[in-house]
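Colleague: Let's go through the side chains of this model. Keep it brief.

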Amino acid sequence: MHGPRTSFSGDVLEVFTDVLSEAGHTYEVGDLYRMNFRSELSREEYLREIRQEAGAPLQGCDGGA
C-alpha cells in the first residue's frame with residue numbers, strides 16, 4: 001500500500017481487492033508504512049547489493065522476523 005487509505009491509491013486498492021475477491025482470489029496487502037519500512041539503504045546494505053555480499057546485516061524494518 002502506498003499512501004493513506006483515503007488517497008487515490010487507497011481507492012484503487014479497494015477496487016482492485018474487491019475485484020479479486022469477487023473472482024474468488026485471495027490476497028494479502030502489505031502496508032509498508034505500518035511495517036515501518038525504511039526505503040533507503042545503509043552503506044553496508046548498498047555495498048552488499050552491488051557486490052552481492054552474503055551475510056551483510058539487514059536493518060530498519062520493525063515488521064518482525
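Modeller: Arginine 48 and glutamate 49 join their side chains in a salt bridge, 2.6 Å from N to O. A salt bridge here is a side-chain nitrogen of Lys or Arg within 4 Å of a carboxyl oxygen of Asp or Glu. This is a predicted model: local features need pLDDT of at least 70, side-chain atom pairs count only at pLDDT 80 or more, and totals for chains, interfaces and linings use all residues. Residues are numbered from 1 along each chain as its sequence is written, and side-chain values use heavy atoms, with hydrogens and water left out.

Colleague: Is arginine 48 buried or exposed?

Modeller: Buried means under 20% relative accessible area, exposed over 50%, partly exposed in between (1.4 Å probe, protein chains only). Arginine 48 has 12% relative accessibility, so the residue counts as buried.

Colleague: Which residue forms a salt bridge with glutamate 45?

Modeller: Glutamate 45 is buried, at a relative accessible area of 4%. The closest N and O atoms are 3.0 Å apart, and the partner is arginine 38.

Colleague: How many salt bridges does a search of the whole structure find?

Modeller: Side chains of opposite charge can pair when their charged atoms come close. Another is glutamate 45 with arginine 38. The search of the whole structure gives two.

Colleague: With which residues is threonine 17 in contact, leaving aside neighbours within four places in sequence?

Modeller: Threonine 17 is buried, with a relative accessible area of 9%. Contact means heavy atoms within 4.5 Å. With those neighbours left aside, the contacts are Tyr27 and Val29.
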